[in-house]
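Thanks for coming, everyone. I have one structure to show you today.

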Amino acid sequence: MKDAVYAARLNAYAPHSNFLVGAAIECLDGRVFTGCNVENSSYGLTVCAERVAVFAAIAAGVMPRTFSRLMVCGAPRSATAAALTPPCGACRQVLWDLCGDIPVTLLGLDGASETLQLADLLPRAFDATLLPSADR
Ligand code: ZN
């Protein structure tokens, strides 16, 4: 799965930040979907690698909350080594909603890694359990 993350990172479209991110999400059935960050000249429309990967899986028919783990690697375009990069806040929220408390592995260009549970990255998460029922 690490190789899929590194390969996806090289597909990043990041002309503004030059910060390339690749991600891979593994499904409970073993399938792996990848994503890269896709920037936009209207910066707020940029989508992160983690969300691209999860959305690709959903678009392929994977049911929400049937994922086993996520790996992500982010680093400047010219870097050969960089600090481990955790998902941003928006991605943490989307991952929580669609994946639940999965392990998230932060992967370095040099192969270093650290694995954290999503619940530790997003404590006291907001989700649908806090919304009123559609029946009310
Ligand atoms: Zn993000």
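**Sheet, zinc site and pocket**

Let's start with a strand pair. Strand S4, residues 103-107, pairs with S5 in the antiparallel sense, over 5 bridges. Take Val 104 as an example: its bridge partner in S5 is Leu 116. Before I go on, please keep in mind that this is a predicted model.

Now widen the view. S4 and S5 belong to an open sheet of 5 strands. The order is S2-S1-S3-S4-S5, and the pairing is mixed. Which strands stand at the edges? They are strand S2, residues 32-36, and strand S5, residues 113-117. Each has a single partner strand, so one side of each is left without a neighbour in the sheet. From one strand to the next, the twist averages 20 degrees.

Next, the metal. Which residues are the protein donors of the zinc ion? They are Cys 48, Cys 88 and Cys 91, each through its SG atom. They lie 2.2 to 2.3 Å from the zinc ion. Look along the sequence and the donor spacing reads C-x39-C-x2-C.

Cys 88 has 31% relative accessibility, so Cys 88 counts as partly exposed. The cut-off for buried is under 20%.

Stay with those cysteines, please. Cys 48, Cys 88 and Cys 91 are also among the residues that line the largest pocket. By class, the lining has 6 nonpolar, 3 polar and 1 charged residues.

Last topic: backbone angles. Most residues other than glycine have a negative phi. Here are two with a positive value.

One is Asn 18, with phi near 55 degrees. Where does Asn 18 lie? Find the loop between helix H1, residues 2-9, and strand S1, residues 19-27. At 35% relative accessibility, Asn 18 counts as partly exposed.

The other is Arg 124, which is not a glycine but has a positive phi of about 50 degrees. Look in the segment after helix H4, residues 118-121. Arg 124 has 85% relative accessibility, so Arg 124 counts as exposed.

That's my tour. Over to you for questions.

Note on methods: Residues numbered from 1 in each chain as written. Predicted model: local features only at pLDDT ≥ 70, side-chain atom pairs only at ≥ 80, totals over all residues. Heavy atoms only, no water. Donors = N, O, S within 2.8 Å, 3.2 Å for Na, K, Ca; no water. Buried < 20%, exposed > 50% of the residue type's maximum accessible area, 1.4 Å probe, protein only. 1 Å grid on protein atoms, 1.4 Å probe; cavity = no way out; pocket = protein on both sides within 12 Å on 5 of 7 lines; lining within 4 Å. Nonpolar A, V, L, I, M, F, W, Y, C, P; charged D, E, K, R; others polar. Helix = DSSP H or I, 4+ residues; strand = E, 2+ residues; numbered from the N terminus. Pairing = 2+ DSSP bridges. Axes fitted to C-alpha atoms, helices over the stretch in contact; angles between N-to-C directions.
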